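My notes follow in the order in which I checked them.

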Amino acid sequence: MEEHSAFPRFFFIFFITTVAHLATSVVSIGVNYGQIANNLPSPDDAVALVKCIGATKVKLYDADPRVLKAFANTGVEVMVGLGNEYMSRMKDPTKAQAWIKANLQPYLPATKITSIFVGNEVLTFNDSSLTSNLLPAMQSVHTALLNLALDKQITVTTTHSLAVLQTSYPPSAGAFRPDLAPCLAPILSFQAKTGSPFLINAYPYFAYKANPKQVPLDFVLFQPNQGMVDPSSNLHYDNMLFAQIDAVYSALDSLGYGKLPVHISETGWPSKGDEDEAGANLENAKKYNGNLIKMAISSSKKGTPSRPNSDLNIYVFALFNENMKPGPTSERNYGLFKPDGTPAYPLGFSLASVPNDAVNNSTGTGTPPRPPTSSTGYLSISSASSLERYCLVGPSLCFLVTVVLIILKQSEKGVKGVDVAFAVR
């Protein structure tokens, strides 16, 4: 049966006025592509949207063959997730190798798979079985890649909630929870030996939601503000996300792994929420994600205050609003795009018109419903204690970049014309 999606014939892409900057920038933006919904566009259409926001990397929560095939020959780097439900099986190197041969190898090298993240926020689930299985599963997957001669192109890592930190303020005092240190130390040793990054899911939104009267909104939204100064390092911070990243670097340094690169595997802001979800609205989502992208492509801001020479590696959450995610209203409204392919909100730019037949897809003619295969960490990103997870306060300075909106005509298989990719991760 032929699949039809009410997907726009025109896409919106950001074009930085200085082409030379695009060619030389070393930062690249990634995006999380989840599918807990029954009304999403086809994977081919999703690929076009990933490109249209300038993303050069995508993070998947499973190894959906349709998606892996859709990203073939696009040049987009793909990170594939092995959900928490796979932990016990992946301890066996034979089963890990069989999974890779069946689910990833058929799409190589056309699809540029660069990483596998084993488990999602495992250490903060308070599940002793999951925790004990995590490192053995990571080691088995790496061994399988080694046996298949894929270890040079595909790294093995795992994602963490910011709740792994005991202390996050000031950033220079960042420290891991003492009860997690025995689990973290061998994982960090494995990652240092294999060359994989430390992945953290960081949401300044939760800090604001938990305490909107004390957390300055401008600081969390990358808006102009006076900022905060770390009393120990004397470093100045103008946004919460960078303070969170540097708190993680400090925690890693305290265990002797300060050189391990930190990547933000998830960050975003919901465009809609329940009455008790302070700050969850279109305007704040537009500012957070729009300013984040503009800041990341600004040549004046390469790294964080404590790591000014380290590239920013950031995956925005998420590509689509996903209507089948459980939890509060915010959980279903993190997307940059609606299921019909139109922007959920303008990222600081006015939108051009879209053909009438390409919008208002209220009947959900995208891909059919799929059973949730991702871990619970992905199913409910806001389930942990907000105050525990994100407790950094202060203000922010946004870097303005002149950007024009241009309309490109979509062909049957994607976007015709200039393929503009922001170097912004």
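I take contact to mean heavy atoms within 4.5 Å, and I take helices (H or I, at least four residues) and strands (E, at least two) as DSSP runs, numbered from the N terminus. I keep in mind that this is a predicted model, in which local features need pLDDT of at least 70 and side-chain atom pairs count only at pLDDT 80 or more, while totals for chains, interfaces and linings use all residues. Residues are numbered from 1 along each chain as its sequence is written, and side-chain values use heavy atoms, with hydrogens and water left out.

**Entry 1: helix α7**

I looked up α7, residues 181–194, and found that its 14 residues reach 20 Å from the first C-alpha to the last, close to the 20 Å expected at 1.5 Å a residue (1.5 Å times one less than the number of residues). I then asked which residues of α7 are buried, with buried meaning under 20% relative accessible area, exposed over 50% and partly exposed in between (1.4 Å probe, protein chains only). They are L184, I187, L188, F190 and Q191. They lie on the same side of α7 because they cover an arc of only 160° around the axis, taken from the directions from the helix axis to the C-beta atoms. The face turned away from that buried side carries the exposed residues P182 and K193. The cover over the buried residues of α7 includes α6 (128–147), β6 (155–161), β8 (175–176), β9 (198–201) and α10 (240–254). Just after α7, I noted that G195 takes a positive phi of about 80°.

**Entry 2: aromatic pairs**

I counted rings of Phe, Tyr and Trp (its six-membered ring) as paired if their centres lie within 6.5 Å, with planes under 30 degrees apart as stacked, over 60 as edge-to-face and the rest as tilted. The structure holds 14 such pairs. One of them, Y203 with Y334, is edge-to-face, at 5.9 Å centre to centre and 80° between the planes. Y203 lies in the loop between β9 and α8 (204–210) and Y334 in the loop between β13 (313–316) and α12 (376–379), so the pair ties together parts 131 residues apart in sequence. Y203 is buried at a relative accessible area of 0%, and Y334 is buried at 1%.

I also looked up W269 and Y288, whose ring centres are 5.6 Å apart with planes at 35°, so this pair is tilted.
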